[in-house]
Amino acid sequence: MVQTLADPSTLKGIPEMFETEPAESLVARTESLATFRELGPPDLCRIEKYNPKSSAAKEINSYHFVLGVDSSSSASVAAYLNSLSYALVSHNTKALNPWKIRSGTYCCFNAFSRVDVRVEVRIPGGVESYVVDLRGDKHRITNPAIWQETYVSAVLRAILDDNDEPDGNDGNPILGLRKLDPLDTLNAEKRFLEAAAAEFWKGWQLGTNPEVQIATYFSNHLTNGIVKYFREGGRLDKAAKFFEGLFVKDPEVGAVLASSYFGNDDEIKGVTVLHEALKKNSSSYGLLLAQVDFLQSKKKLDTAAKIAKIAVVAAPSEYVTWAKLTQIYIDLGDYESALLALNSCPMFSYCERDSQRMPVPARVHLPLRPEIAGAGSGTGAQHLSGSIDDENDPRENAVHPELARLPALSLRGTFLLAYQLLIRIVSCVGWDELLKYRSKVFVMEEEYRIHRALEEKRLLVEEGLDGTAVDSTSGQGNHPKEESEVYVKPFAKARVAVNGVAEGEEGEKEGGKDAARPVENDDKDESRLQELVGENFESIRLTPEPEPESLSPTAAEGEDGKKGLSIDEMLRRASGEADAQAQVTLAEVEETSIAQGVDSMGSVEGQRKMTNTPNPRPKRTPINFTFRNKRLCEKWLDNLFMVLYNDLRLYTALKQEMVQYLQPTGKPQAMYRKTGAEWEIYGDLAERLHHPEEAKVAYKLCIEQKFSIKSWLKILAIEAAEGNTREALIAVNKVIVLLDKSYIDNTYPSPIGRAVFKLIGRHGYQKVHNVLIALNVPQRNFKLIMKYFE
């Protein structure tokens with residue numbers, strides 16, 4: 001393959017998108033400011049280049065996205081823009097590059113004040129800094145605190161960004177993103193913690209994880225970013241030290257402080273913090289969940305279940321409390337209760353990450369490092385611009401439509417987490433048992449339909465007999481049965497009360513030539529509502545029926561009957577208590593009304609009974625759908641069962657095919673053709689269903705057919721989780737070669753850094769280092785890997 005010469009107008013090792021119109025990237029960012037809800041998108045860096053000697057275009061504008069730049073002051077941002085001048089390297093070593101950088105603009109979103117901080121640098125010239133609000137108006141920076149907020153926002157974006165993860169940025173990685181280490185020294189880390197402590201009490205303004213509805217002091221992007229940074233690095237003692245000073249001001253901070261102590265094996269300190277915090281605020285669900293996590297790690301599942309129920313009562317509108325209760329039930333083996341708790345989880349609409357819509361660039365420059373002998377295997381391609389995927393055969397990226405449309409791939413937020421809990425259940429009991437548990441706790445469509453059909457049939461019989469007896473008084477008692485059924489059936493099916501009970505037939509027949517009189521038009525609104533309220537219907541119960549007062553062991557313990565009740569009893573009665581009280585009240589009102597000569601619908605039917613006046617309207621017979629011990633399955637959970645069915649169906653077919661291919665036989669093995677992209681999807685499917693061995697096989701078959709950083713990262717994560725040091729370091733060596741070729745050199749936070757720290761925490765630094773030496777990797781690769789050990 002012919003080597004492509006480098007374009008002198010491009011930056012070495014830095015991705016670039018070239019503008020079609022001048023300043024179109026800045027205009028697009030300004031228009032997108034009002035859509036930023038949380039931390040904001042990555043920083044935008046735009047530069048203007050000119051070439052006085054060029055006979056064609058003398059000015060070129062380009063931009064790229066970047067994370068990890070020190071934005072604590074205008075000087076530090078200007079230093080980054082100035083460093084880009086040294087990236088303009090000529091391909092001809094004997095001549096200087098004629099292209100020069102004239103000016104640059106750096107945009108960094110301040111998530112606390114909701115403004116975009118911009119720094120303009122002119123070379124030669126000065127530096128100008130200003131802010132742009134959500135309406136696009138430009139203002140001078142008069143408050144020095146703006147820079148501290150901007151610095152904290154930028155570091156948190158770099159820590160929480162997942163663009164380099166296998167499925168980063170919701171499966172749509174940002175093109176042209178450059179990542180730097182946000183905290184590359186201990187001094188930088190110390191300075192960030194000081195700034196974060198100053199802004200900590202405003203951290204709830206940044207938002208929180210998608211599974212949490214309301215941000216708090218213990219659950220927001222600031223707290224989550226700090227905990228993630230130190231947990232993945234195996235230094236939770238630093239996080240505990242940071243939260244110690246803040247715990248004095250608010251006991252809810254004890255939730256993350258105790259979790260940091262537990263993660264650092266300081267269990268006595270963690271229990272002490274929880275004890276002190278719960279004495280001050282016993283209703284904080286964050287503290288209760290931290291206690292549940294600790295008990296769960298100690299296998300005290302019964303006690304953990306009791307506290308998880310208290311957390312549900314404390315925060316019934318939060319998904320995390322119900323999800324934790326579901327996890328405890330799964331660990332206890334109580335899968336029926338687990339399904340009921342999962343069905344009760346409140347689900348939230350998923351908010352996508354903040355991003356800005358950019359116009360289509362004129363061209364894109366993605367730098368690639370030339371191949372170096374001994375640095376790793378390759379095809380010998382010497383591209384200087386492009387992507388690693390460009391070296392793949394286009395046929396290897398083809399995917400069967402059924403695999404591309406898997407519904408599980410579109411799950412996000414709470415729906416994805418709920419699906420993972422459902423997978424935990426099916427991995428424990430199997431699909432057949434899961435269906436049995438499902439039919440035990442939820443009202444199934446078939447039994448509901450059969451029960452309703454039987455009740456309608458009984459209604460038709462009763463209404464037909466009553467109609468004959470009533471109509472005989474007016475000379476209409478000899479109507480055929482078919483005519484009565486024609487009149488009754490549509491109303492019996494169409495009119496269903498709001499509490500889930502279908503009403504009886506309401507029609508009547510009066511004098512005339514076989515004509516059925518409909519309901520009077522002047523009664524169709526207010527009187528209809530009174531009928532629904534006044535009718536003593538028996539509705540579908542979503543919880544077991546409360547025990548009679550005489551049989552309840554706690555009936556005499558207080559006037560309200562709640563003193564001494566267990567958590568289970570309180571949760572069981574919570575939904576049924578109001579309905580039971582309403583039914584008693586309606587019954588009392590009905591008895592009083594009939595005694596006064598007025599029926600429950602406000603008519604004079606009672607007076608007719610007293611004066612022996614025949615009632616032309618037949619007696620109502622409500623249809624009763626009663627499933628005392630079952631609940632209605634939420635629509636989203638019913639959909640998740642179908643999603644799980646599709647995943648299991650495809651996984652079963654894949655496994656059968658792999659077994660036939662891998663089994664030793666005397667005949668030549670039947671070759672089954674799958675593209676590299678399809679093997680990658682099968683690997684994701686097996687990993688999603690908790691089958692890591694099959695997932696590794698699928699990922700390895702994928703990388704045999706195409707370059708895939710995602711497959712290597714997946715293999716690395718699986719091997720590191722299993723503690724396989726040698727296999728994990730082999731994957732590190734392969735991944736680091738691919739990343740180095742793309743000029744991606746950030747060390748932490750990153751998937752490689754997380755895997756290396758996990759191995760060191762499990763086996764120790766010296767053992768992992770010795771295994772790396774024993775692999776005898778090329779010297780350049782060894783130096784690149786050693787950056788993560790430092």
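Let's start at Tyr 748, which sits in the loop between helix H26 (725–741) and helix H27 (751–763). Helices here are DSSP runs of H or I with at least four residues, strands are runs of E with at least two, and both are numbered from the N terminus.

A quick word on what we are looking at. This is a predicted model, where local features need pLDDT of at least 70 and side-chain atom pairs count only at pLDDT 80 or more, while totals for chains, interfaces and linings use all residues. Residues are numbered from 1 along each chain as its sequence is written, and side-chain values use heavy atoms, with hydrogens and water left out.

Back to our tyrosine. Is Tyr 748 buried or exposed? Tyr 748 counts as buried because its relative accessibility is 12%. For that word, buried means under 20% relative accessible area, exposed means over 50%, and partly exposed is in between, with a 1.4 Å probe and protein chains only. Which residues does Tyr 748 touch? Leaving out residues up to four places away in sequence, its partners are Asp 181, Pro 182, Lys 228, Tyr 229, Phe 230, Glu 232, Gly 233 and Phe 757. A contact means heavy atoms within 4.5 Å. The side chain of Tyr 748 also reaches the backbone nitrogen of Gly 233, at 3.0 Å. That is a polar contact, a pair of N or O atoms within 3.5 Å; within protein, one must be able to donate a hydrogen and the other to accept it, and residues adjacent in sequence count only if both atoms are side-chain atoms.

The peptide bond from Tyr 748 to Pro 749 is cis, with omega near 0°, and Pro 749 is in the loop between H26 and H27. Tyr 743, found in the loop between H26 and H27, has a positive phi of about 60° although it is not a glycine.

Now let's step back to the whole chain. How many helices and strands does the chain have? There are 29 helices and 11 strands. Buried residues make up 47% of the 790 residues. Of the contacts with a separation of 6 or more, 69% are between residues 24 or more positions apart.

On to the inside. In soluble globular proteins, nonpolar side chains tend to be buried together. The largest nonpolar core here has 146 residues, and those with the most contacts inside it are Phe 192, Phe 243, Leu 339, Leu 434 and Leu 644. Helix H22 (residues 635–662) gives the largest share of this core, 11 residues. By nonpolar core I mean a set of buried Ala, Val, Leu, Ile, Met, Phe, Trp, Tyr and Cys residues joined through side-chain atoms within 4.5 Å. Leu 434 touches Leu 339, Leu 422, Ile 425, Val 426, Val 429, Phe 641 and Leu 644, not counting residues up to four places away in sequence. A second, separate core has 24 residues, including Leu 84 and Cys 108.

Next, the rings. A search of the whole structure finds 19 aromatic pairs. Trp 201 and Tyr 217 make an edge-to-face pair, because their ring centres are 5.0 Å apart and their planes are at 90°. Rings of Phe, Tyr and Trp (its six-membered ring) pair if their centres lie within 6.5 Å; planes under 30 degrees apart count as stacked, over 60 as edge-to-face and the rest as tilted. Trp 201 counts as partly exposed, at 23% relative accessibility, and Tyr 217 counts as partly exposed at 26%. Phe 218 and Tyr 285 also pair edge-to-face, at 5.3 Å centre to centre and 75° between the planes. Phe 218 lies in the loop between H4 and H5 and Tyr 285 in helix H9 (residues 285–297), so this pair ties together parts that are 67 residues apart in sequence. Both Phe 218 and Tyr 285 are buried.

One more ring to finish: Arg 438 lies over the face of Phe 641, at 4.5 Å from the ring centre. A charge sits over a ring if NZ of Lys or CZ of Arg is within 6 Å of the ring centre and within 35 degrees of the ring normal.
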